[in-house]
Amino acid sequence: LRYVALEKQILSIRELNGPPLTTWADFAAAAFASGLDRAGAISAAKFYHDLGIMLYYPEIEDGIVIVDPQWIVKMFATIVTMKGNFVRIGILHRSDLHQVWKQYPDSLYPFMLRLLTAFETIIPVDDDKYLIPCLLHHQPDPSKFGSHWPRDRREGESLIGRYFRFTSLPFGFFGRLTSRVLMALSWKALSYWKNGIIICKEGCKCCISLVEKGLEGEAELRVFLRGIGQETLFI
């Protein structure tokens, strides 16, 4: 009965608020009013999250509760279905967010960006730029690829590489790999496309690409590193 009473309050909050969000403090207060203690409020939040009645991601933002899951679906859709001037070859600039998210208050942008980043829908490249893996071009820009990864090597430059062959890979694998590389390593991204990226650090460059082979899901991950005496930066 306590959970039923709390669910009614959640639905009431969903109807009253503009954006269907509330603070954890208000959710906890509703739980207390329904006869739950603090531990009960935490258990109820997990229970309703698992049922899809509301969403709560304390590891992303412990102060905000999403009381209508459709809100996050629609918010994600504004990014992954975006076309036109605000997305150039899968790149979104922070300065364009006010045009993309006209229907959302500016105060929610940091929270929304944290959600998108946590789910690897966008990847921060620098302070103003976000990569959207699902909107990247399938092939690299020939002019950029040629300048960042020339066919001929410089004098004294070493080139080493490794091939990793897979019989199958999960959908979106390379986007998640790109996210891990950019977020975990202090390398600068020079060029990127749907299944490839070129990064650099201190004069050393690395090209990572995924080549799909046949229709059976087989793929080959290629990692090449080039530089003058600095190959150990990545290996």
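## Largest pocket

Helix H8 (173-184), strand E10 (204-213) and strand E11 (218-227) each contribute at least two residues to the lining of the largest pocket. H8 gives the most, with four residues. Helices (H or I, at least four residues) and strands (E, at least two) are DSSP runs, numbered from the N terminus. The model is predicted: local features need pLDDT of at least 70 and side-chain atom pairs count only at pLDDT 80 or more, while totals for chains, interfaces and linings use all residues. Residues are numbered from 1 along each chain as its sequence is written, and side-chain values use heavy atoms, with hydrogens and water left out.

The volume of the largest pocket is about 620 Å³. Its lining has 23 residues, and Phe171, Gly172, Phe173, Phe174 and Gly175 lie nearest the centre. By class there are eleven nonpolar, seven polar and five charged residues in this lining. Ala, Val, Leu, Ile, Met, Phe, Trp, Tyr, Cys and Pro count as nonpolar, Asp, Glu, Lys and Arg as charged, and the others, Gly among them, as polar. A pocket is an open set of points on a 1 Å grid over the protein atoms alone, where a 1.4 Å probe fits, with protein on both sides within 12 Å along at least five of seven lines; lining residues have an atom within 4 Å of a point. Points are joined across faces, edges and corners, and a volume is the space filled by probe spheres set on them.

## Second largest pocket

The second largest pocket holds about 290 Å³ of space. It is lined by 19 residues, with Ile89, Ile91, Lys144, Leu190 and Tyr192 closest to its centre. Strand E4 (91-93) and strand E8 (188-193) are the elements that give two or more residues to this lining, and E8 gives the most, with six. Nine of the lining residues are nonpolar, four polar and six charged.

## Confidence

Mean pLDDT (the predictor's confidence in each residue, from 0 to 100) is 87 for the protein, and 94% of residues reach 70 or more. Confidence is lowest in strand E3 (residues 87-88), at a mean of 68, and highest in strand E2 (residues 64-66), at 95. Where pLDDT is low, the predicted coordinates should not be read in detail.

Cys206 lies in strand E10 and is buried (under 20% relative accessible area, 1.4 Å probe, protein chains only), at 0%. Its C-alpha atom is 4.4 Å from that of Leu225, 19 residues apart along the chain.

Thr78, in helix H4 (residues 69-80), also counts as buried, at 18% relative accessibility. The side chains of Thr78 and Trp101 are joined by a polar contact of 2.9 Å; such a contact is a pair of N or O atoms within 3.5 Å, where within protein one must be able to donate a hydrogen and the other to accept it, and residues adjacent in sequence count only if both atoms are side-chain atoms.

Terms used. Buried means under 20% relative accessible area, exposed over 50%, partly exposed in between (1.4 Å probe, protein chains only).
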